[in-house]
Structures are given as structure tokens and as C-alpha cells.
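Welcome to a short tour for a reader who is meeting this structure for the first time. Keep the view open beside the text and look up each residue as it comes along.

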Amino acid sequence: MKNISQIKNESINEFGSKWTQDRYAKIAELGFWKSEEMLINKYFKPKSKILDIGCGSGRTAIPLSQNGFDVIGVDITPRMIESAKKISSSKNLDIDYRIGDATDLEFPDNYFDGAIFANNGWVQIPGKENRQKALAEIHRTMKPNGYFILVAHQRYHTGNYLFFWIIQWIKFFLLKPLGFKFRELDFGDHFFTRPYKIENKKVKQFIHMTSKKEVEEQIKKTGFKIELRKRMGELSKEDVEAMEASMSKNFNSFKSPIFYICKK
Ligand SMILES: C[S@@+](CC[C@H](N)C(=O)[O-])C[C@H]1O[C@@H](n2cnc3c(N)ncnc32)[C@H](O)[C@@H]1O
């Protein structure tokens with residue numbers, strides 16, 4: 001368990017760092033992805049009560065509020081919540097933001113009409129059991145027949161990732177059975193390098209490189225029914241072009257994140 005809480009604390013520190021905060025202040029201005037907006041309009045009832053879990057600096061909470069939803073934004077990183085509050089009040093929006101952990105939500109049962117865990121936040125929770133707990137908490141706090149929009153990246157094996165998977169395989173299937181210990185908790189855990197350093201040391205951030213099969217199994221285990229599963233690229237070419245321009249030339253429709261529309 002020590003490893004899980006260490007990874008969690010390091011992740012919160014990294015999300016709260018100056019570099020990441022500056023980045024997320026800009027991200028907050030981007031608003032909905034086109035694909036996201038399409039699904040929100042389709043699955044969230046107008047003016048309903050929405051949980052934006054892992055809300056970051058408010059990229060989705062802001063347009064949800066501007067579009068008339070009664071949104072509560074929750075994030076585990078205190079600096080994200082500070083920044084979300086500041087950015088939203090500069091837009092004259094009074095959004096209910098709270099510091100909180102998806103694995104232990106403060107809300108009663110059947111409280112929200114809908115929920116969203118946008119932009120890969122869920123796969124940044126360390127430990128498969130904790131990711132399962134987060135899904136269970138979201139399920140518990142949602143009303144029956146409500147929709148939950150989960151976004152998780154794809155597991156791809158090309159480019160730099162080919163090397164990553166070879167190393168993972170060696171660690172998990174050759175060295176672990178021999179008793180070697182690693183920081184990785186689950187097959188697919190990745191500590192990726194951020195493009196800034198602290199005291200001349202590279203800074204890492206945690207993400208679990210999940211598979212579609214794993215996500216689907218976890219969603220179903222919670223009791224949600226998967227109503228739709230679509231890649232961002234299947235919903236909006238514009239989003240893929242925008243991501244390609246801002247992130248990486250290697251990004252394409254097939255590598256774009258996946259939306260899982262889950263019905264309670
Ligand atoms: C990739 S960022 C996405 C932020 C925002 N949803 C967006 O789309 O810009 C992931 C966010 O999830 C938050 N997060 C990670 N683990 C969490 C947890 N257990 N409970 C709540 N928030 C969490 C992080 O602090 C971070 O702000």
C-alpha cells in the first residue's frame with residue numbers, strides 16, 4: 001500500500017507543479033472537445049446535476065455551467081481546484097468546486113443525474129482496485145438511468161511504446177516471478193517524463209496504459225451497462241487535428257482516446 005500512496009502523492013505534487021498548472025490554465029480556456037460536446041448534448045439531460053470528476057482547472061466544468069448544467073467539479077489536486085475557482089470566477093461563474101478523491105466521494109447515493117471523468121483522469125489513479133473503487137463511487141452517487149462518460153486512452157504498441165511494452169513484459173513475466181520488485185503495480189503502469197526538471201532531475205507522472213478489455217470488464221463489474229464505445233477520431237476529425245497540432249505528430253484517429261458511455 002505504501003507504493004500506492006507514494007505514487008498518489010507524487011502525482012498530486014506533479015499536477016500541482018508550476019509547469020503543469022501553467023499548462024492547465026491554458027487548457028481550461030479550450031473548453032469542450034467537439035466529440036465530448038456531441039456526447040454531452042446527447043446523453044446529459046438539459047439543466048441536470050452533473051459530477052465532473054477529475055475536473056482539473058475546469059476545462060469541462062466551465063462550459064457545462066455555461067450551458068445550464070448544475071455542475072460540481074471535484075479534483076484530488078488542491079492546486080487544480082484553486083486554479084479552477086480563479087479561472088471560473090474571472091468568467092463570472094460560480095461553480096461548486098471541491099477537493100476530493102474519486103475513490104471516496106462525499107456525496108449521498110443517487111445524487112447526480114450524470115457524471116464525466118474526462119481526458120484520461122481515471123487512468124491516472126494508481127492501482128486497479130482504486131480504479132474499480134472510483135467507478136463504484138461514481139455508480140453509487142448517480143441516479144438510476146443516468147449516464148457516465150468515461151474517457152480513457154488506447155493501448156498502442158508502435159513507436160516508443162514498442163520498447164515500453166517489451167520492458168513491461170520482461171518486468172512482469174520474467175523478473176517479477178523471480179522476486180524482483182518494481183514500482184509498477186499493474187501491467188501497463190507507466191511513469192512518463194514531463195518536459196521540465198526539478199533540481200536537474202527529470203519529473204515523472206503516472207498513467208496506467210489500460211486496454212479496452214480491461215476498461216470494459218471494470219465498467220461492467222461496477223454494474224454499469226456500456227451503451228456506446230467510440231474513439232474520439234470516429235466522432236470528430238477536428239479534435240484529432242487539434243490534438244495532433246498541440247501534442248504530437250504521431251497522434252492520429254486510431255490513437256485517439258476512447259469514450260465509454262455507461263448507463264446506470
Ligand atoms: C489529465 S487531467 C484532466 C483534467 C480535466 N478533466 C481536463 O480535461 O482538462 C486529470 C485530473 O484528474 C485528477 N485526478 C487524478 N486522480 C484523481 C482522483 N483519485 N480523484 C479525483 N481527481 C483525480 C488530477 O488531479 C487531474 O487534475
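Which residues of helix 2 (residues 18–28) are buried? They are Thr20, Tyr24 and Ala28. Looking down the axis of helix 2, you would find these buried residues within an arc of 75°, so they line one face of the helix. Lys18, Asp22 and Lys26 are exposed on the other side of helix 2. Please bear in mind throughout that this is a predicted model.

**The nonpolar core**

The largest nonpolar core is made of 55 residues, and the ones with the most contacts inside it are Ile50, Ala115, Phe148 and Leu150. Strand 5 (residues 142–152) supplies the largest share of this core, with seven residues. In soluble globular proteins, nonpolar side chains tend to be buried together.

Eight of its 11 residues are buried, so strand 5 is largely enclosed by the rest of the structure. It runs parallel to strand 4, and five bridges join the two. In this pairing, isoleucine 116 stands opposite isoleucine 149 in strand 5. What does phenylalanine 148 touch, leaving out residues up to four places away in sequence? The list is Gly114, Ala115, Ile138, Met142, Phe224 and Cys262.

Five of its six residues are buried, so strand 2 is largely enclosed by the rest of the structure. Strand 1 (residues 49–53) runs parallel to strand 2 and is joined to it by five bridges. Isoleucine 50 stands opposite valine 71 in strand 2. Isoleucine 50 is also one of the residues with the most contacts inside the largest nonpolar core.

Now follow the chain to the loop between strand 1 and helix 4 (61–66), where glycine 58 has its place. Is glycine 58 buried or exposed? With 32 other C-beta atoms within 10 Å, glycine 58 is buried. Its contacts, apart from neighbours within four places in sequence, are Ala28, Gly73, Ala84, Ile87, Ser88 and Ile95.

Isoleucine 62 is found in helix 4. It is buried too, with 25 other C-beta atoms within 10 Å. Leaving out residues up to four places away in sequence, isoleucine 62 touches Ala28, Gly31, Ser88, Lys91 and Leu93. Ala28 and Ser88 are therefore on the contact list of glycine 58 and on that of isoleucine 62, where a contact needs C-beta atoms within 7 Å.

**Distances along the chain and in space**

| Pair | Apart in sequence | Apart in space |
|---|---|---|
| Glycine 58 and isoleucine 27 | 31 residues | 8.6 Å |
| Isoleucine 4 and isoleucine 95 | 91 residues | 31 Å |

Isoleucine 4, named in the table, sits in helix 1 (residues 2–15). It counts as partly exposed, with 14 C-beta neighbours inside 10 Å. Not counting residues up to four places away in sequence, isoleucine 4 touches Pro126, Gly127, Asn130 and Leu185.

**Two asparagines in loops**

Asparagine 120 has a positive phi of about 65° although it is not a glycine. It lies in the loop between strand 4 (112–117) and helix 6 (128–141) and, with 17 C-beta neighbours inside 10 Å, counts as partly exposed.

Asparagine 200 also has a positive phi, near 65°, and is a residue other than glycine. Its place is in the loop between strand 6 (189–198) and strand 7 (201–208). Asparagine 200 is exposed, with 5 other C-beta atoms within 10 Å.

**The ligand**

One stop is left. Which residues come nearest to the ligand? Of the 22 residues around the ligand, these are Gly54, Gly56, Ala102, Asn119 and Gly121. Sorted by class, the shell around the ligand holds 10 nonpolar, nine polar and three charged residues.

Conventions:
Residues numbered from 1 in each chain as written. Predicted model: local features only at pLDDT ≥ 70, side-chain atom pairs only at ≥ 80, totals over all residues. Core = buried A, V, L, I, M, F, W, Y, C linked by C-beta atoms within 7 Å. Buried ≥ 20, exposed ≤ 12 C-beta atoms within 10 Å, placed from the backbone. Helix = DSSP H or I, 4+ residues; strand = E, 2+ residues; numbered from the N terminus. Contact = placed C-beta atoms within 7 Å. Near = placed C-beta within 6 Å. Nonpolar A, V, L, I, M, F, W, Y, C, P; charged D, E, K, R; others polar. Arc of directions from axis to C-beta. Pairing = 2+ DSSP bridges.
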